[in-house]
Amino acid sequence: MIVPQLFWVSEPAMQLFPLAGVLSSTALGQSSGVDCPYIVQGTVFMLIKKAADIASSEITPKSLYLNRRTFLAGTALAGAAALAGVGLRNLLSPATAVEAKAAINGLQKSSFSTSEKVTPYKDVTNYNNYYEFSTDKYEPAGLAKDFKTTPWKVTIDGLVSEKQVLDVDAILKMAAPEERIYRHRCVEGWSIVVPWVGFSLSELIKRAQPLGKAKFVEFTTLYDPKQMPGQRVPVLEWPYVEGLRLDEAMHPLALLCFGMYRETLPNQDGAPLRIVVPWKYGFKSAKAIVRIRFTDSQPVNTWNKSAPNEYGFYSNVNPNVDHPRWSQGKERRLGEFTKRPTLMFNGYDQVASLYSGMDLKKNF
Amino acid sequence: MIRWFKVGVFLGCLGPLARLAWKAYAGNLGANPIEVITHSTGDWTLIFLLITLAITPLRKLTGQLWLIRYRRMLGLFAFFYVVLHFLTYIWLDKFFDLHEMLADVAKRRFITVGFTGFVLLIPLAITSTTGWIRRLGGKRWNQLHRLIYATAIAGVIHYIWLVKADLRKPLEYATVLGVLLAYRLVVWAGPKIQSAPILPRRRAEASEG
Ligand code: HEM
């Protein structure tokens with residue numbers, strides 16, 4: 001069995017083979033109950049181990065638990081034993097981190113902001129598609145808590161007048177930070193409204209001085225399997241690469257982002273530096289960027305490489321072009337019960353002119 | 001004693017549902033509760049299918065003949081969870097929009113194959129009663145109930161087709177199913193051994209899966 005961190009045992013295996021869970025949770029037992037705030041790089045973390053409150057709601061109700069013992073005593077079979085597996089898996093799930101982040105002051109308001117209801121912070125920081133950490137959306141919050149975001153360098157190269165390696169702090173000073181409240185639509189059919197902090201990506205691109213030949217920008221996410229356990233598994237080709245056409249990247253809506261909810265970005269949301277392209281499906285908005293490269297040929301983005309018929313280069317939000325495996329006509333805004341219709345370009349019609357004359361069914 | 005044990009197994013099988021209900025009540029289903037419910041009921045359908053399919057090999061290999069008494073119940077729980085799974089889909093995902101559902105079944109191969117698996121389970125659930133076993137006769141009943149192999153295979157393919165990139169979990173299920181089916185192939189192809197003596201007039205024992 002693969003055991004990357006904290007005696008991880010995969011979910012169905014745990015359910016089918018609860019005894020494996022018993023063994024690994026015994027090992028985990030020693031470290032449980034540690035509940036100490038400690039300092040990491042000037043940031044205060046509160047570690048709340050789930051194991052510290054085993055008795056509470058999360059875990060199997062007692063009657064069922066007693067049931068389980070009867071079963072394990074009698075036979076290693078049947079549903080109740082599998083149920084025990086789920087209970088034990090809860091014990092194994094990583095600690096929840098509550099991180100005190102730095103507030104970002106002096107934010108300017110943006111006319112691009114929507115007035116729609118902002119999604120609760122708790123949801124945006126605990127439900128993350130961030131395969132570098134895990135393919136389970138609930139896991140990056142725990143797995144990214146010790147992710148090192150300082151020092152952080154960003155290489156700007158390719159078709160530029162001069163290659164640069166910039167410290168992220170220098171990049172953050174390029175322009176005044178704005179709050180931009182954007183809709184964010186995932187290709188999987190759910191959406192959120194996030195008050196991002198950053199400034200237009202064009203500010204950086206101007207300073208990068210791309211050559212006339214440059215037609216595209218490519219963004220590369222950090223590759224560091226030591227810190228990013230998801231990269232130890234070849235579910236995608238690492239490092240993660242995304243790209244935009246240069247005119248898309250220059251559009252004022254395209255955001256270079258380093259904060260949200262008026263604070264610095266939480267690690268699980270792409271700290272310290274990411275982009276946000278609100279008219280495209282979420283996976284186009286690369287996280288934890290270490291390289292920005294200008295090219296004359298269209299970059300091959302990671303998801304496109306993984307399944308070319310499902311994820312295109314453009315990946316504009318488009319209710320009329322279904323994903324081969326599900327409809328894109330509707331979406332579920334997190335926190336809402338019914339689904340709402342998905343809007344063309346996620347409601348950002350001002351980008352339509354970028355694609356005039358293009359067949360968006362072909363260039364999906 | 002045996003009676004109570006059976007009640008215990010029954011309650012245990014309701015555990016996954018109880019857990020979901022409790023979490024829903026406590027507001028503990030995370031940012032996207034409907035996704036959690038869909039996934040959990042889907043997972044448990046597959047788990048119960050596999051446990052059901054494990055009964056016969058376990059019984060043969062361990063000589064614990066009493067295990068067969070639990071097979072029908074476990075199979076029906078697989079059906080119970082797929083009904084919940086299906087209801088989640090038609091209600092919480094599609095909001096009874098028949099047009100959309102038909103489009104899905106026709107266009108999305110993962111739905112098509114899942115739906116097939118579900119439909120194939122329906123006759124098995126209906127004929128699970130003692131009356132139906134008698135009416136069909138053990139042999140024909142057994143033949144009909146081999147449809148569970150098709151359902152389990154459909155369930156695994158459904159899962160393989162619906163994940164975006166991470167095939168690890170569906171492949172774990174596929175491996176377990178592969179072992180369970182391989183066992184049957186081996187038994188079927190191997191030398192015909194006299195099967196364990198069937199006690200006279202013990203109806204459930206007559207059914208081999
Ligand atoms: C025997 C039949 C079936 C089995 C064994 C089964 C099993 C599963 C499993 C294991 C999952 C994934 C759970 C996870 O990711 O943890 C799943 C997801 C799902 N199933 Fe089924 N299923 C069956 C039938 C159906 C049917 C009939 C429908 C609807 C018509 C359906 C719709 C779905 C949907 C919509 C998802 C979620 C897909 C996503 O996350 O994108 N399933 N099912």
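**Iron site and local packing in the predicted model**

Residues are numbered from 1 along each chain as its sequence is written, chains are lettered from A and ligands numbered from 1 in the order in which they are written, and side-chain values use heavy atoms, without hydrogens and water.

Through their NE2 atoms, B:His85 and B:His158 coordinate the iron atom of the ligand at 1.9 to 2.1 Å (donors are N, O and S atoms within 2.8 Å of the metal, or 3.2 Å for Na, K and Ca; water is not among the atoms, so sites may look incomplete). The two residues lie 73 residues apart and link distant parts of the chain, B:His85 belonging to helix α3 (residues 71–93) of chain B and B:His158 to helix α8 (residues 147–162) of chain B; helices are DSSP runs of H or I with at least four residues, strands runs of E with at least two, numbered from the N terminus.

In helix α7 (residues 138–145) of chain B, the buried residues are B:Trp141, B:Asn142 and B:His145. They lie on the same side of α7(B) because they cover an arc of only 100° around the axis, taken from the directions from the helix axis to the C-beta atoms. The exposed residues B:Lys139 and B:Arg140 are carried on the face turned away from the buried side of α7(B).

Technical notes:
This is a predicted model: local features need pLDDT of at least 70, side-chain atom pairs count only at pLDDT 80 or more; totals for chains, interfaces and linings use all residues. Buried means under 20% relative accessible area, exposed over 50%, partly exposed in between (1.4 Å probe, protein chains only).
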